[in-house]
Amino acid sequence: MADDASSSSGCTGNLVDNSINQDELIMKQQREIEKEISESIPLVGELEAISSLEKEYNEDPVYLLKVKDLASKYKYMRRTRPDGNCFFRAFSYAYLEYLLTDKAEYEKFFEIAKNSKEILLALGFSQFTVEDFYETFMEVVQRVGEQAGGAADGMEPIRAELHDKFNKQGYSDYIVVYLRLVTSGQLQTQHDFYQNFIEGPRTVTEFCRQEVEPMYKESDHIHIIALSNALNVGVRVEYMDRGEGSQVIAHVFPEGAKPLVQLLYRPGHYDILYA
Amino acid sequence: MADMGEKYNTKCPGVKRLMREAMELAEATEEYCARPLEDNLFEWHFTVKGPKGTDFEGGIYHGRILLPKEYPMHPPHIILLTPNGRFEVNKKICLSISGHHPETWQPSWSIRTALLALIAFMPTPAEGTIGSLDYTPAERKVLAKKSVTWSCPLCGDTAALLSSTAAKPITEEEQSVLNQIAFKGEEEQAAKPPEEPAAQEVQPQVLESTEPSTGFLDQLTEVLVALLVGAIGIFIYRRWNAHYSSAETEL
């Protein structure tokens, strides 16, 4: 709350300033409540049966139909903390988990990841901070690489290690930051293309600085398209909302790619899906 | 720094990062310098030179940098100690992209970014922002002159802390970032007791539970919470009232 020097909401202004209207106070309170709820959820949760969604929507016929549809395609899910970083966290966790089972894909990814730093430096990002995030990111990637393609029954320790790292705020956030930078790098190097996706008068660089690079900023289509293109990783997103129909709607990014990562999207949030 | 390695968990990315920054900034430059306190990696002292061609030219300004435990995910706070006529002293200010919320701090920025941004931001108009001062050019020039004799109880004579070495040139990307960064004060360290008449009515009942022995900071926090609750109460009351009366007219 107010005495927490590190609180990101600590700078929003004078709590007792007469000029701040009460709507803003309520919103601030709301944000704090959301933050508290959010922090009680693990960064990345344990594997759960899809049926756990049914309980969540017990009295909601629209969603129940869609959960049923989802359950016909997926067996399990893994929830992520709704802190605005969920797309990046869900994506990286699911992809690294997949890489454990596919050595060839790992080798391909390793090259892309290794080159990603140079792209960022060429764009003028500060070398020592980029290196800081890059090194932590690669440390985790390489741990996966050491075990990638190994026997399935020997994977438990590395899976546990991955899970542990993703739930340690330090590591987990560093991975998110690095993927945000990679996303920003992709948007900026291909700015002519991505400019079309940005509404309003913002340039791609401004968009990156305001919506991509800062932590806790939620991801939109443009983030997913840019990251999946930058890393050449297919992502399937199942959209579940209050829209018409009884089925969830799937999108694959980039279009036509073979999806290696499956995510569930519910308004404002991404979780991981498993077939 | 060797001590720091023993004291902190260097496996922790935030600690590793700050140690890196300490190395990066180890050598003082003619424009800025900063280093962690001997016994606390999360508090630094810095010195910056007033930008040329402004009221601050010739000034040497010293201050503290407080790093949150989530650094670099959350921004550092800066506290100026040398009277300067642009920012209040002994008051936390934090940086954000102009016109945006402080959440726009980016983990790839660093203490160097913060210092460069501070130097660049000094000559901008105060415009009544919290933590800002709107002294006249003449007053600022006097303070600039005085500042060179200012001494920090921890660091000593601050004018001696800068060196004659040129700082690493600012890259194009950095410059475009610096142009966007703004500094703003926050109220947590407000020295004055808060005084909002509307909310004070609610204070007593909420403060009943306050024990007289509670520390000042705790009390301040409670007052802030009380004001918040009060304001929300009034808001809900008003809304409810508005709703109620409009419902009545409909009937």
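Okay, disulfides: how many does the structure hold over all chains? The count is 0. Keep in mind that this is a predicted model. Let's look at two of the cysteines. Take A:Cys208, where the closest cysteine sulfur belongs to A:Cys86 and sits 19 Å away, so that one is too far for a bond. A:Cys208 is also buried, at a relative accessible area of 0%.

In the largest nonpolar core we have 66 residues, and the ones with the most contacts inside it are A:Phe91, A:Phe137, A:Tyr178 and A:Leu187. Let me zoom in on A:Tyr178. Leaving out anything up to four places away in sequence, what does A:Tyr178 touch? You get A:Ala113, A:Ser116, A:Lys117 and A:Leu120, then A:Val130, A:Phe133, A:Tyr134 and A:Phe137. Apart from that core there's another one, of 41 residues, and it includes B:Leu80, B:Trp109, B:Leu116 and B:Met122. As a reminder, nonpolar side chains in soluble globular proteins tend to be buried together.

Now some helix packing in chain A. Helix 8, residues 169–189, and helix 11, residues 221–231, have axes that come within 8 Å and cross at roughly 90 degrees. So helix 8 of chain A is roughly perpendicular to helix 11 of chain A. From helix 8 of chain A, the contact uses A:Leu179, A:Val182, A:Thr183, A:Gln186 and A:Leu187. Helix 11 of chain A brings A:Ile222, A:His223, A:Ala226, A:Leu227, A:Asn229, A:Ala230 and A:Leu231. By class, that contact of helix 8 with helix 11 has 8 nonpolar and 4 polar residues, and no charged ones.

Next pair: helix 6 of chain A, residues 127–147, and helix 7 of chain A, residues 156–166. Their axes come within 10 Å and cross at roughly 170 degrees, so helix 6 of chain A runs roughly antiparallel to helix 7 of chain A. Helix 6 of chain A contributes A:Glu139, A:Val140, A:Arg143, A:Val144 and A:Gln147, and helix 7 of chain A answers with A:Ile158, A:Glu161, A:Leu162 and A:Lys165.

Over to chain B. This chain has 8 helices and 8 strands, and 49% of its 251 residues are buried. Of the chain B contacts between residues at least 6 apart in sequence, 63% join residues at least 24 apart. Is helix 3 of chain B, residues 111–121, largely enclosed or open? Here 10 of its 11 residues are buried, so the rest of the structure largely encloses helix 3 of chain B. Among those buried residues are B:Ile111, B:Arg112, B:Leu116 and B:Phe121.

Last stop, B:Tyr71. You'll find B:Tyr71 in the loop between strand 3 (60–66) and strand 4 (77–80) of chain B. Buried or exposed? B:Tyr71 is buried, with a relative accessible area of 2%. Beyond four places in sequence, B:Tyr71 touches residues including B:Gly14, B:Arg17, B:Trp105, B:Trp109 and B:Ile111. And B:Pro13, 58 residues apart from B:Tyr71 along the chain, has its C-alpha 9.2 Å from that of B:Tyr71.

Methods: Residues are numbered from 1 along each chain as its sequence is written. Chains are lettered from A and ligands numbered from 1 in the order in which they are written. This is a predicted model: local features need pLDDT of at least 70, side-chain atom pairs count only at pLDDT 80 or more; totals for chains, interfaces and linings use all residues. Side-chain values use heavy atoms; hydrogens and water are left out. Axes are lines fitted to C-alpha atoms, for helices over the stretch in contact, and angles run from 0 to 180 degrees between N-to-C directions. Helices (H or I, at least four residues) and strands (E, at least two) are DSSP runs, numbered from the N terminus. Angles under 35 degrees count as roughly parallel, over 145 as roughly antiparallel, 65 to 115 as roughly perpendicular and the rest as oblique. Contact means heavy atoms within 4.5 Å. A nonpolar core is a set of buried Ala, Val, Leu, Ile, Met, Phe, Trp, Tyr and Cys residues joined through side-chain atoms within 4.5 Å. Buried means under 20% relative accessible area, exposed over 50%, partly exposed in between (1.4 Å probe, protein chains only). A disulfide is a pair of cysteine sulfur atoms within 2.5 Å. Ala, Val, Leu, Ile, Met, Phe, Trp, Tyr, Cys and Pro count as nonpolar, Asp, Glu, Lys and Arg as charged, and the others, Gly among them, as polar.
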